[in-house]
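Please look through the sequence and the model shown below.

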Amino acid sequence: MITRRELGEHDILIDIKYAGICHSDIHTVRAEWGEGGHFPLVPGHEIAGVVAAIGSGVTRYAPGDRVGVGCFVDSCRECDNCRAGLQQYCTGETGAIDTYGATGRDGRLTHGGYATHLVVDENYALRIPDTLPLDAAAPLLCAGITLYSPLAHWQAGPGKKVAVVGLGGLGHMGVKLAHAMGAEVTVLSQSLSKKDDGLRMGADHYHATSDPATFEALAGTFDLILNTVSADLDLNAYFGLLKTDGTLVQLGAPENLLPVAPFALIHGRRSFAGSMIGGIPETQEMLDFCGEHGIASEIEVIRADQINEAYERVLRSDVRYRFVIDTSTI
Ligand code: NAP
Ligand code: ZN
């Protein structure tokens, strides 16, 4: 059993209702990111729940409020990035403090959302709009913001052609968000098995990357490609799908290096970029956007005793489109 810290002046106690299963949980649990020292560990950074109690100095939240917590629970609050609301890129001594597997300010290991309760500083919690169900909103706290932030940064919108590679937890949020922003959206998936779903979520086009003809037909098409694939991928083939000045943003975080052929970028002045989740203000902006547009994750709610099975299914790309744990079953 893990314990949470005592409620500090600016802390809120969250009664967790749901926690999404992100592929990052699986990379971490399988020690694929070369860490491996932080076990036992409670994963989970797509957290949705209700405020159960507040510290004496809390001003933003009251008991009963619907709240979420994403991938980090603290940061230095003083560096340029923190001041700009880009806490995910905190350059302070510890960087942003991950929701799980990091050392918290109290010197203890942080533990995530596959749990019944969480204590967090009110400045690192988010408000979940009343129009969104808590279970389907939980994945917005990571998958949602991870796609919203690059779509906003690279100005996806009317007249822009956006491709989403991989229709999993991240990818399906990318399709919904890019469509709502007004972009023309293409899904690039390993097969056409999820085509009907992709089109229903708002994709305008859907292609199988297992078919070499896809890469010929779509050469030079996209302003923006968001790669959400959790495994190794031959990116050079995808650079060829960018227009002149187009950008491929790497979101998936496989354990191996990704070889880049220089000429795949040199031709057409193409850019290869990365992006990591989003800061607190942008995450709130994303939640409000989703509330207004009725956007949430497509989920399969599971019991705690089904987590291992769910991990295996995610690894087989058999997820439609996010597993969410009902934490009352823990
Ligand atoms: P996911 O639900 O497993 O989705 C990944 C998708 O990638 C799969 O559904 C599959 O889509 C495709 N895929 C899987 N293996 C593939 C292969 N061998 N070749 C080609 N395509 C393959 O995972 P997720 O939760 O969306 O996370 C995706 C990645 O993003 C993970 O590496 C995760 O750690 C990372 N991540 C990054 C951030 C960030 O801030 N940058 C945040 C969260 C997660 P199809 O079946 O459609 O092909
Ligand atoms: Zn995640």
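Cys142 is buried, with a relative accessible area of 4%; buried stands for under 20% relative accessible area, exposed for over 50%, and partly exposed for what lies in between, with a 1.4 Å probe and protein chains only. The model is predicted, so local features need pLDDT of at least 70 and side-chain atom pairs count only at pLDDT 80 or more, while totals for chains, interfaces and linings use all residues. Residues are numbered from 1 along each chain as its sequence is written, chains are lettered from A and ligands numbered from 1 in the order in which they are written, and side-chain values use heavy atoms, with hydrogens and water left out.

Helices (H or I, at least four residues) and strands (E, at least two) are DSSP runs, numbered from the N terminus. His45 is also buried, at a relative accessible area of 8%.

Next comes the sheet. It is open, has 6 strands in the order E10-E9-E8-E11-E12-E13, and shows parallel pairing. Strand E10 (205-208) and E13 stand at the edges with a single partner strand each, so one side of each has no neighbour in the sheet. From one strand to the next, the twist averages 20 degrees; axes are lines fitted to C-alpha atoms, for helices over the stretch in contact, and angles run from 0 to 180 degrees between N-to-C directions. Strands count as paired if DSSP finds at least two bridges between them. Strand E11 (residues 222-227) runs parallel to E12, joined by 5 bridges, and Leu226 stands opposite Val249 in E12. Strand E12 (residues 242-250) pairs with E13 in the parallel sense over 4 bridges. The bridge partner of Thr247 in E13 is Ser271.

Met276 is partly exposed, at 41% relative accessibility.

Some backbone details remain. Most residues other than glycine have a negative phi, and most peptide bonds are trans. Arg77, in the loop between strand E4 (72-74) and helix H2 (80-83), has a positive phi near 70 degrees. Arg77 is partly exposed, with 32% relative accessibility. Gln155 also has a positive phi, near 55 degrees; this residue is found in the loop between H4 and strand E8 (161-165) and is exposed at 58% relative accessibility. A cis peptide bond, with omega about -10 degrees, joins Arg320 and Tyr321. Tyr321 lies in the loop between helix H11 (307-315) and strand E15 (322-326).
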